[in-house]
Amino acid sequence: ARKLTIEDARAVRHIAGVVSAVPVAVGSAIVEGGGRGRSVYVYGVTAEAPRVWSWNVAVGQNIPEMDWDKSSAVVLLGSRLKRELFEDRNPLGAVVRVGQSRFRVIGVMEPKGQFLGFDLDDAAYMPVANAMRLFNLSELTEVDILAANPDAVDTVARAVEALMRDRHDGQEDVTVVTSQEAMEVINDILAVVTGFVTGVAAISLLVGAIGILTIMWIVVQERQQEVGLVKALGATRTQILSWYLFEAAVTAGAGGLGGLIVGIGGARLLAALVPGLETWTPPETVVAALVMAVTVGVAAGVAPALRAARLDPVEALRGE
């Protein structure tokens with residue numbers, strides 16, 4: 001298979017409907033500056049990257065317009081990388097070492113966040129020729145393309161596939177993925193994960209319901225004399241039923257609250273252990289979880305509560 005080259009990226013720019021194309025080369029290196037060092041991803045791009053990625057330079061200037069084969073010892077820092085290396089100091093003009101090479105900081109990107117697990121703010125960006133030389137790359141990682149409008153995406157994708165086959169001697173060795181297809185893949189993955197989590201939650205609810213049913217049945221069995229005495233003193237079936245349903249609801253609510261504490265605590269612990277991972281529990285989810293726990297508890301407690309309400313006071317007191 002032929003390699004994906006800068007010449008391929010240049011050819012893509014001339015396809016009808018393509019506004020811009022950015023050759024991208026990616027590697028990992030230690031970036032040192034401000035007396036600190038940090039291992040991050042380094043992206044080799046061109047001056048068109050902010051336009052294609054819809055991502056602006058917050059401070060300083062962008063990578064200069066130049067031939068893609070030309071080198072320039074300049075670098076842009078992601079917002080988090082800038083903060084880790086220079087804290088609140090102005091990094092513009094500072095010299096950082098990327099691997100064994102020195103680069104001058106000319107700008108800082110605006111905060112972008114994470115994409116598919118990659119923290120785009122904890123990264124460095126330099127001219128693509130520098131990145132390929134720095135990481136000894138003979139081919140590009142990818143070429144990012146900006147179409148003129150959403151309706152032109154499929155047409156452009158087919159044209160790119162045809163162009164790559166033509167340039168690569170008929171071999172289909174380049175995969176073209178549109179943003180729509182990428183979102184469909186992500187949605188499929190999320191659907192599988194959601195289905196798995198839903199299954200686990202359903203099993204957990206079933207196990208919890210059986211547990212509450214068992215506990216309440218044992219409680220009623222152990223309190224037969226107590227129930228008989230209360231009914232002999234005038235308690236109605238409705239009052240007995242309501243009392244045991246209340247106990248089931250409190251038991252389930254306490255279990256649900258304990259589960260929420262463990263879940264939220266585990267999520268925060270995971271966020272503390274995994275750099276860049278952010279966790280957040282919506283308040284409506286907390287309320288829904290508690291309501292579900294109480295509902296399942298009450299449903300599981302109906303049978304024991306009915307048994308207690310239907311006890312004959314004479315038979316219940318016989319064991320006294």
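Both faces of strand E4 are covered: Val-74 and Leu-76 sit on one side, Val-75 and Leu-77 on the other, and all are buried (buried is under 20% relative accessible area, exposed over 50%, partly exposed in between, with a 1.4 Å probe and protein chains only). Keep in mind that this is a predicted model, where local features need pLDDT of at least 70 and side-chain atom pairs count only at pLDDT 80 or more, while totals for chains, interfaces and linings use all residues. Residues are numbered from 1 along each chain as its sequence is written, and side-chain values use heavy atoms, with hydrogens and water left out. Helices (H or I, at least four residues) and strands (E, at least two) are DSSP runs, numbered from the N terminus.

- E4 (residues 74–77) is joined to strand E6 (residues 101–109) by four bridges, and the two run parallel; for two strands to pair, DSSP has to find at least two bridges between them.
- Within that pairing, Val-74 stands opposite Arg-104 in E6.
- E4 is also joined to E9, this time antiparallel, through two bridges.
- Here Leu-76 has Tyr-125 as its bridge partner in E9.
- Strand E2 (residues 36–45) runs parallel to E9, with five bridges joining them.
- E9 (residues 123–127) is largely enclosed by the rest of the structure, because five of its five residues are buried.

**The negative patch**

- On the surface, Asp-154, Glu-161, Glu-181, Glu-184 and Asp-188 gather in a patch of negative charge.
- Patches are built from residues with over 30% relative accessible area and no salt bridge, joining like charges within 9 Å and nonpolar side chains (Val, Leu, Ile, Met, Phe, Trp, Tyr) within 5 Å.
- A salt bridge here is a side-chain nitrogen of Lys or Arg within 4 Å of a carboxyl oxygen of Asp or Glu.
- Asp and Glu count as negative and Lys and Arg as positive, with His and the chain ends not counted; each charge is placed at NZ of Lys, CZ of Arg, CG of Asp or CD of Glu.
- Accessible areas come from the Shrake-Rupley method with a 1.4 Å probe, and for residues only the protein chains shown count as cover.
- Helices H5 (153–167) and H6 (179–222) each supply at least two of the patch residues, and H6 gives the most, with three.
- Glu-181 is found in H6 and counts as partly exposed, at 38% relative accessibility.

**Loop residues**

- Val-177 lies in the loop between H5 and H6 and is exposed, with a relative accessible area of 55%.
- Phi of Asp-169 is positive, near 60 degrees.
- Most residues other than glycine have a negative phi.
- Asn-136 has a positive phi as well, of about 55 degrees, although it is not a glycine.
- Look for Asn-136 in the loop between helix H4 (128–134) and strand E10 (142–147), where it is exposed with a relative accessible area of 71%.
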